[in-house]
Amino acid sequence: MAIAKAERLMNLALCLLGTRRPLSKRELRGSIEAYLEAGSDDSFNRMFERDKDDLRELGLVIETVENLDGDTGYLARRDSNRLPPITLDAEEAAALGLAAKVWQQARLAGAASGALQKLRAAGMPEAEDAYEVHSALEPRIPVHEAAFEPLMLACRDRRPVTFDYRKANSARAEQRQVEPWTLECWRGHWYLAGWDRERGAERVFRLSRITGKVRSRAGSFGAEVPDVVTVRETVESWAGETATRTARIRLRAGAGYPLRSRATAVRERGDGWDELEIPYGHGLDAWLVEFGPDVVVEEPADLRADVVDRLRAVAKD
């Protein structure tokens, strides 16, 4: 069975690499013997989708193209799947080894390890790893959100997606149609930057607020992808990182560690509450709402009003 699958994957890769135009599923099925032997259309479709995903996991860049008639075709351009000679010195090899370690507990672990093995097979020098034995601390990037992997693949392949998203001030999720650009981790949370088709503007989405499955859609991007996507700067602005004002809040004792880590001053009140001073910028109201009854805004008045409005909106939903 393993040999048959390997042969099928090789035949599919050769078809996609050897064509000058996108090939439809029907054309691919007629060109590959294993697909011709599929018992039904459903069986073929499942087999083809698995094979396509396997080839992408192996590193083959497969493009999805929709023609004027709405049919979807597939091809793997040779220029997109050819790498120039790679030469790395010992310091660069050490940096790549460390980067691979970072992903060992995330969904990219297999891809990171596989890429490192291929580079070593191509002659990348073995570098002494300072983190291997002597360090008690190891870098890790945790990825717990189920939406991470499909969004990572959609960003890589430039495929539009749809998903249900719950805003911080709403108890119900709304469907979003997004052209995904890039993923970035900031303060332990993953964020997606992309083009929101319905709103006609760039948006940043926190992955932990995506509910249900991320579904891919046929077609290409309608909006231009910027050369530099400033995910972190956008999130920092929303979270008040660039704020010049200060807010004073009451926080229940023993609660709200993320707020405490941001505070510029903390004072124990002795009544089960602490008083904090934290930077105040756009989006701080949405963040405070997440802490529910453990937070009370004392000043400024406009921040207090924004938090109350968001809580009322949640109550209505």
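Student: Let's start with Glu-290. Which residue does Glu-290 form a salt bridge with?

Tutor: In this predicted model, Glu-290 forms a salt bridge with Arg-206, and the closest N and O atoms are 3.8 Å apart.

Student: Where do those two sit in the chain?

Tutor: Glu-290 is in the loop between helix H10 (284-289) and strand S12 (295-299), while Arg-206 belongs to strand S7. So the pair ties together parts that are 84 residues apart in sequence.

Student: Is Arg-206 buried or exposed?

Tutor: Arg-206 counts as buried, because its relative accessibility is 13% and the cut-off for buried is under 20%. Glu-290 is partly exposed, at 38% relative accessible area.

Student: Why would two side chains like that pair up at all?

Tutor: Side chains of opposite charge can pair when their charged atoms come close.

Student: OK. How many salt bridges does the structure hold?

Tutor: It holds 28 salt bridges. One of them is between the side chains of Lys-5 and Asp-54, at 2.9 Å from N to O. That pair also links distant parts of the chain: Lys-5 is in helix H1 (residues 2-18) and Asp-54 is in helix H4, 49 residues apart.

Student: Give me another one. What does Asp-274 pair with?

Tutor: Asp-274 forms a salt bridge with Arg-260, with 2.9 Å between the closest N and O atoms. Here Asp-274 comes from strand S11 (residues 273-280) and Arg-260 from helix H9 (residues 257-262), 14 residues apart. Asp-274 is buried, at 9% relative accessible area, whereas Arg-260 is partly exposed, at 23%.

Student: Changing topic. You mentioned S7. What order do the strands take in its sheet?

Tutor: The order is S7-S6-S5-S4-S8, five strands in an open sheet with antiparallel pairing. Strands S7 (201-206) and S8 (210-216) are at the edges with a single partner strand each, so one side of each has no neighbour in the sheet. On average, neighbouring strands here are turned by 40 degrees against each other, ignoring direction.

Student: How many bridges are there between S4 and S8?

Tutor: Four bridges, in the antiparallel sense, with S4 covering residues 161-165. For instance, Val-161 has Ser-216 in S8 as its bridge partner.

Student: Which helix packs on that sheet?

Tutor: That's H7, residues 148-157. H7 touches S4, S5 (174-186), S6 (189-196) and S8, and its direction makes about 90 degrees with that of S5.

Student: Is H7 mostly covered or mostly open?

Tutor: H7 is mostly covered, with seven of its ten residues buried. The buried ones are Phe-148, Leu-151, Met-152, Leu-153, Ala-154, Cys-155 and Asp-157. They pack against helix H4 (41-57) as well as S4, S5, S6 and S8.

Student: And what follows H7?

Tutor: Arg-158 follows H7, and its phi is positive, near 55 degrees.

Student: How many residues are in the largest nonpolar core?

Tutor: There are 18, and those with the most contacts inside the core are Leu-151, Phe-163, Leu-183, Leu-192, Leu-207 and Ile-210. H7, S4, S5, S6 and S8 each give two or more residues to this core. The largest share is from H7, with six residues.

Student: Let's zoom in on Leu-207. What is Leu-207 in contact with, leaving aside neighbours within four places in sequence?

Tutor: Its contacts are Glu-145, Ala-147, Phe-148, Leu-151, Leu-183, Trp-190, Tyr-191 and Leu-192.

Student: Last bit, the whole chain. How many helices and strands does it have?

Tutor: The protein chain has eleven helices and twelve strands. Of its 317 residues, 36% count as buried.

Student: What share of contacts joins residues at least 24 apart?

Tutor: That's 55%, counted among contacts between residues at least 6 apart in sequence.

Definitions and conventions. Residues numbered from 1 in each chain as written. Predicted model: local features only at pLDDT ≥ 70, side-chain atom pairs only at ≥ 80, totals over all residues. Heavy atoms only, no water. Pairing = 2+ DSSP bridges. Axes fitted to C-alpha atoms, helices over the stretch in contact; angles between N-to-C directions. Contact = heavy atoms within 4.5 Å. Core = buried A, V, L, I, M, F, W, Y, C linked by side-chain atoms within 4.5 Å. Buried < 20%, exposed > 50% of the residue type's maximum accessible area, 1.4 Å probe, protein only. Salt bridge = Lys/Arg side-chain N within 4 Å of Asp/Glu carboxyl O.
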